[in-house]
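Hi,

Here is the structure I promised to pass on. Have a look at it first, then read my notes below.

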Amino acid sequence: MEWHYALTAGDVLWGHGTGLDGFFEGDEQVVLCGLALRGAVADQLERIGSRRAFRGAARLSLLDAAGVPVGRYALTGFSPVAARMTPGRPGLVDLTVRAGRVVEPGAAAVWELVRTGRLDRPGLWRAYGRRAWLSVALNRRVHGPAGPLDGRDLVDVDAVYCALGEAVNGPGGYYGWNLDAVADCLRGGFGAVPPFTLEWRDADVARARVPEFAAVVSVLREGGVDVHLR
């Protein structure tokens, strides 16, 4: 069985599942498909619709093809509302839940790139929605090898943040998706910590097209990054 996610609620691992329906589309109710509930957690199904039903915080960890966690989403107001046996999958359950989360349209395609191990080189963000890419990078928080910032094609500020994350933390890396978030990253916990040097190649592209260019450079420099504009 190839598991695509693991569900933890109330600090207890509920189980692993094979698919998600409506999760990345922002639907109010999400179906956790093919969920194999662990042991005593299965009694949660009997509590659905009662005052004893679980309500609280939960976490959904996304898994790669080998079952290794590659990212996660915090779920607020998590509450099961319905369950049925997964068609053609004895022992598995399709669990419908309410779950608040921050997702961006198009993130599912980026996660599939991660899950299958194909996010393995710089520049792949260009083929995907910028916000979707950044939302996945935020929930992965990988710390890979640093390199120069490739300034080609940086015609909007979200493209700048995609390239910045990649330059600092490798392909699919994250280093902020707005000015405040970049400032947070500079304080630590998101890969490189200043002082360090960032070589921004083809900087004239963003300088000419991105109104926030000067502000991004200023935040980086004030945070202790030696930014070299080439």
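This is a predicted model: local features need pLDDT of at least 70, side-chain atom pairs count only at pLDDT 80 or more; totals for chains, interfaces and linings use all residues.

**Strand β1**

Start with β1, which covers residues 5-9. 5 of its 5 residues are buried, so the strand is largely enclosed by the rest of the structure. You can check this face by face: Y5, L7 and A9 are buried on one side, and A6 and T8 are buried on the other.

β1 also has two strand partners. It pairs with β2 (residues 12-17) in the antiparallel sense over 5 bridges, and A6 has H16 as its bridge partner there. These two strands make a hairpin with 2 residues between them, and G10 in that turn has a positive phi of about 60 degrees. The other partner is β5 (residues 56-63), again antiparallel over 5 bridges, with T8 standing opposite R59.

**The largest pocket**

Next, find the largest pocket, which holds about 300 Å³ of space. It is lined by 13 residues, and those closest to its centre are R72, A74, L138, N139 and R141. Both β6 (69-85) and α3 (130-140) supply at least two residues of the lining. Sorted by class, the lining has 6 nonpolar, 3 polar and 4 charged residues.

**V168**

Last stop: helix α4 (residues 157-169), where V168 is found. Is V168 buried or exposed? With a relative accessible area of 6%, V168 counts as buried, because the cut-off for buried is under 20%. Leaving out residues up to four places away in sequence, V168 touches G144, A146, Y175, A192 and F196.

Cheers

Conventions
Residues are numbered from 1 along each chain as its sequence is written. Side-chain values use heavy atoms; hydrogens and water are left out. On a 1 Å grid over the protein atoms alone, a cavity is a set of points where a 1.4 Å probe fits but cannot get out, and a pocket is an open set with protein on both sides within 12 Å along at least five of seven lines; lining residues have an atom within 4 Å of a point. Grid points are joined across faces, edges and corners, and a volume is the space filled by probe spheres set on the points. Helices (H or I, at least four residues) and strands (E, at least two) are DSSP runs, numbered from the N terminus. Ala, Val, Leu, Ile, Met, Phe, Trp, Tyr, Cys and Pro count as nonpolar, Asp, Glu, Lys and Arg as charged, and the others, Gly among them, as polar. Buried means under 20% relative accessible area, exposed over 50%, partly exposed in between (1.4 Å probe, protein chains only). Contact means heavy atoms within 4.5 Å. Two strands pair if DSSP finds at least two bridges between them.
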